[in-house]
Amino acid sequence: MTSKLINLISVFATSVVFLLSITAIAKAQPHPVPFVDELNHTGVASCATAGCHGDQVTGDGAGPVVGQNEYFQWRSNTEKGAHSRAYEVLLTPHAKRIANNLGVGPAEQAAECLDCHADNVHAAKRSQRFQISDGVGCEACHGGAQNWLAFHRIGAGHEKNIEAGLYPTEDPVARARLCFGCHLGSSYENQFVNHRIMGAGHPRLKFELDLYTTIQKHHRVDADYRDRKTVAPGTQVWAVGQAMALERTLELLIDNNTGRAGAFPELVFFDCHACHQPISNGTNDLDWRPNPGRSLGPGAPILNDANLIMLVAAMRVIDPALATQLENEGRVLHAASQHSGSQFRTAAEALRITAAASAERIMNTDLSNPALVKSVLREIVSADTSRLYTNYAAAEQALFAVQRLSAALDMTDSAITSRIENASNAAQGPYAFQYGAFRSALFDISAQIEQYNWNMR
Ligand code: HEC
Ligand code: HEC
Ligand code: HEC
Ligand code: HEC
């Protein structure tokens, strides 16, 4: 072979590798979240007209394709309508106090608040009918409508809409990235509630992707919906939400901007009530107790590991090898939190990679299979896992999981709901968490779930 030919071949090979890596990047490059989609946001008023998503006549949701009552659902005065009030919340005495304590000026004008309490896109990206006071409007989730507003009405088709900038909210992975921005935090400058903001009076954030999706649900899953979109089972939404919440938390923990506060690690990643609880002197149920998931003795701040515990329980069923890896890396991370900042970050990065691999594995698993879902539920309430619920944050996620998984399995009779109620009563809130009673309620649930025929709803 002449050297020229060899050169040619190697040029060819490099360009193939180059092209392959470009396609890999193009594939891996996720759809930008609406907050940074660089499209004009046309405002809720442009979605909410009669004949569109605010159709009075079909206010009961009788539109032929979509309900066309989405605007009224978004504005519901129940929990479901919280996003329509997210801006108004900034005008309350509570918000004023938080903003005063922080010295950020009026809350309703501060990017520190608006980046989560409204669709706070750049001024140049706001069309005529856009109003910041609409709070978390349609386009804060569905993406700037500049390029699809006109043609999505005439049935351009879902693919075309997505190409034009509609955000793929039906995809659980994309949805997690969207919701987490405001419900967990992101690395965009002001989309993060750190312990300073908590200390100023902001409520603790809690979130579970499947439950919160259900609470704010304003769409119907019918035949034409299934034609247009892939429907992920709720259990998959729950599981991938756990994996990605862990991944996002660790990303923020490793990031120098969000992970540190002066000499200390950022406290918001730790269990709030490990520090914020009455000093008990050995007299009540809030006392320190060992936790087999953490190699920590008494008196150490505890990383909030609620998502890790849920994910390990799910992966024990989906991929036991990954579950073991998560567990081991979790223990290493807890231990590293007591050593040095660099060991802590190295351990966090290792666990982050395994969490990402778990998310991918979950998306490739059929979680509409009742046998699998039943096994995951068993793991959540098992005696082994329930020993890890030593703190409220973990118990809260366990309760969400029990509620969502039992609903997915259509377990809705009073025998099970009354037992779930008992568990919920033992975990009424961070200062009223009864570890012993909670575990025995879960034990009761685990006995009861064996009584059912396993059909999925
Ligand atoms: C990372 C996103 C984020 C940032 C930044 C943020 N918030 Fe919030 N805020 C939320 C979420 C999410 C909730 C709802 C919490 C829940 O119910 O789980 C909330 C709840 C609140 C509440 C309680 C609302 C109610 O209905 O009782 C107030 C008040 C509030 N925020 C004020 C502020 C102020 C003032 C700022 C700016 C200093 C701010 N928030 C910054 C996400 C954020
Ligand atoms: C907090 C995020 C969020 C906000 C705010 C929001 N949506 Fe949605 N919307 C979703 C999610 C998630 C779904 C369900 C998944 C899907 O089908 O994309 C959905 C579904 C829909 C659907 C059903 C689509 C179909 O294919 O059947 C319509 C229509 C819709 N939303 C319109 C609106 C309108 C109009 C507004 C404002 C008045 C709005 N949404 C506000 C997140 C949001
Ligand atoms: C732009 C920021 C933002 C995005 C994106 C967002 N939320 Fe929210 N969400 C908020 C804020 C702020 C509140 C609290 C508003 C209030 O108290 O009235 C809230 C409240 C809620 C509530 C009511 C909870 C409660 O305790 O009252 C649910 C449910 C919810 N969000 C679900 C979701 C889901 C599911 C997604 C993703 C599809 C999502 N949110 C995306 C900012 C956001
Ligand atoms: C490692 C210990 C630690 C952790 C973990 C921690 N905090 Fe704090 N917190 C403190 C300290 C120290 C102060 C300052 C007390 C003071 O100013 O007197 C404080 C102050 C506060 C305050 C203001 C004072 C008060 O008690 O109302 C709030 C609110 C608060 N934290 C909320 C939270 C929330 C929410 C979390 C979890 C996301 C959390 N903290 C996690 C140690 C912690």
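**Close-up 1. Ala314 and its contacts in the predicted model.** Leaving aside neighbours within four places in sequence, Ala314 is in contact with Trp238 and Val376. The model shown here and in the other views is predicted. Ala314 sits in helix H15, which covers residues 306-318. Its relative accessibility is 1%, so Ala314 counts as buried, the cut-off being under 20%. Ala314 can also be set against Ala415. The two are 101 residues apart in sequence. In space, their C-alpha atoms are 24 Å apart.

**Close-up 2. Helix H12 packed with helix H20.** Helix H12 spans residues 234-254 and helix H20 spans residues 392-408. The two helices pack at an angle of about 155 degrees. Their axes are 10 Å apart. The angle makes H12 roughly antiparallel to H20, because angles over 145 degrees count as roughly antiparallel.

**Close-up 3. Ser46 in a loop.** Ser46 lies in the loop between helix H1 (3-28) and helix H2. Is Ser46 buried or exposed? At 12% relative accessibility, Ser46 counts as buried. The side chain of Ser46 reaches the backbone oxygen of Gly43 at 2.6 Å. Ser46 also touches Arg129 and Leu149, when residues up to four places away in sequence are not counted.

**Close-up 4. The shell around ligand 1.** Ligand 1 has 21 residues around it. Glu112, Cys113, Cys116, His117 and His202 come nearest. The shell divides into 13 nonpolar, 6 polar and 2 charged residues.

**Close-up 5. The shell around ligand 2.** Here 20 residues surround the ligand. Cys138, Cys141, His142, His218 and Arg228 are the closest. Which atoms of ligand 2 does the side chain of Arg228 lie by? A polar side-chain atom of Arg228 lies 2.4 Å from an oxygen atom of ligand 2. Tyr225 has a polar side-chain atom 2.5 Å from a ligand oxygen. For Thr169, the distance to a ligand oxygen is 2.6 Å. Helix H2 (70-74), helix H5 (138-142) and helix H11 (223-228) are the elements that give two or more residues to this shell. Its classes are 7 nonpolar, 8 polar and 5 charged residues.

**Close-up 6. The shell around ligand 4.** Residues around ligand 4 include Arg204, Leu267, Val268, Phe270 and Asp271. His195 and His276 are also among them. A polar side-chain atom of His195 lies 2.8 Å from a nitrogen atom of ligand 4. For a polar side-chain atom of His276, the distance to a ligand nitrogen is 2.7 Å. Helix H9 (195-199) and helix H14 (272-275) each supply at least two residues of the shell. H9 gives the most, with 3 residues. By class, the shell holds 6 nonpolar, 3 polar and 2 charged residues.

Technical notes:
Residues are numbered from 1 along each chain as its sequence is written. Chains are lettered from A and ligands numbered from 1 in the order in which they are written. This is a predicted model: local features need pLDDT of at least 70, side-chain atom pairs count only at pLDDT 80 or more; totals for chains, interfaces and linings use all residues. Side-chain values use heavy atoms; hydrogens and water are left out. A residue is near a molecule or strand if one of its heavy atoms lies within 4 Å of it. A polar contact is a pair of N or O atoms within 3.5 Å; within protein, one must be able to donate a hydrogen and the other to accept it, and residues adjacent in sequence count only if both atoms are side-chain atoms. Helices (H or I, at least four residues) and strands (E, at least two) are DSSP runs, numbered from the N terminus. Ala, Val, Leu, Ile, Met, Phe, Trp, Tyr, Cys and Pro count as nonpolar, Asp, Glu, Lys and Arg as charged, and the others, Gly among them, as polar. Axes are lines fitted to C-alpha atoms, for helices over the stretch in contact, and angles run from 0 to 180 degrees between N-to-C directions. Angles under 35 degrees count as roughly parallel, over 145 as roughly antiparallel, 65 to 115 as roughly perpendicular and the rest as oblique. Buried means under 20% relative accessible area, exposed over 50%, partly exposed in between (1.4 Å probe, protein chains only). Contact means heavy atoms within 4.5 Å.
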